[in-house]
Amino acid sequence: MRRDECSLVRTRETPQWPTVDELLWIMSDHGGNPICVTIDKAHFGRIWFIDHEIAEYEKPWTLADAMSDTWGYVLPLAPTFSDFIAGVYEEAV
């Protein structure tokens, strides 16, 4: 675990985009969108993409709100961390 500005602890304490306690920000994509793992019992270990461009900044929201089809702020990437890592690859140029 890093101890600089990119540490998981620092990102959790001062997220760049709106988030909720059930999500742990583990990395970002090339556009700065968070990639998170859920740490709540109902969705534990699932990997999610957060589209920060449609985030709700003015009012509180829940994970259920963000995952709903009507909002689509939190989108599923993989059912487990292992599946996520298995799907990460570098494209040949």
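The model is a predicted one, in which local features need pLDDT of at least 70 and side-chain atom pairs count only at pLDDT 80 or more, while totals for chains, interfaces and linings use all residues. Residues are numbered from 1 along each chain as its sequence is written, and side-chain values use heavy atoms, with hydrogens and water left out.

Read from the N terminus, the elements follow the order α-β-β-β-α-β-α. The strands form an open sheet with the order β1-β2-β3-β4 and antiparallel pairing; two strands are taken to pair if DSSP finds at least two bridges between them. At the edges stand β1 and β4 (74-78), each of which pairs on one side only. On average, neighbouring strands of this sheet are turned by 35° against each other, direction ignored; the axes are lines fitted to C-alpha atoms, for helices over the stretch in contact, and angles run from 0 to 180 degrees between N-to-C directions.

The pairing of β1 with β2 is antiparallel and extends over five bridges. Leu23 has Thr38 of β2 as its bridge partner, and Ser28 stands opposite Pro34 in β2. These two strands form a hairpin with five residues between them, and Gly32 in the turn has a positive phi of about 90°. Strand β2 is also joined to β3 by three bridges, again in the antiparallel sense; here Cys36 is partnered by Trp48 of β3.

Strand β2 (residues 34-38) is mostly covered, with five of its five residues buried. Buried means under 20% relative accessible area, exposed over 50%, and partly exposed in between, with a 1.4 Å probe and protein chains only. In a regular strand the side chains alternate between the two faces of the sheet. In β2, Pro34, Cys36 and Thr38 point one way, whereas Ile35 and Val37 point the other way.

Residues from several elements meet in nonpolar cores, a core being a set of buried Ala, Val, Leu, Ile, Met, Phe, Trp, Tyr and Cys residues joined through side-chain atoms within 4.5 Å. The largest has eleven residues: Val20, Leu23, Trp25, Cys36, Trp48, Ile50, Trp61, Leu63, Ala66, Tyr73 and Val74. Two or more residues of this core come from each of β1 (23-28), β3 (47-50) and α2 (63-67). Apart from it lies another core, of six residues, including Ile35, Ile47, Ala78 and Phe84.

Phe84 also takes part in the one aromatic pair that a search of the whole structure finds. Its partner is Phe81, and the pair is tilted, at 6.3 Å centre to centre with 40° between the planes. Rings of Phe, Tyr and Trp (its six-membered ring) pair if their centres lie within 6.5 Å; planes under 30 degrees apart count as stacked, over 60 as edge-to-face and the rest as tilted. Both residues lie in helix α3 (residues 81-86), three residues apart, about one turn of the helix. Phe84 counts as buried because its relative accessibility is 13%, whereas Phe81, at 45% relative accessible area, is partly exposed.

For the chain as a whole, buried residues make up 33% of the 93 residues. Of the contacts (heavy atoms within 4.5 Å) with a separation of 6 or more, 34% involve residues 24 or more positions apart.

How values were computed:
Helix = DSSP H or I, 4+ residues; strand = E, 2+ residues; numbered from the N terminus.
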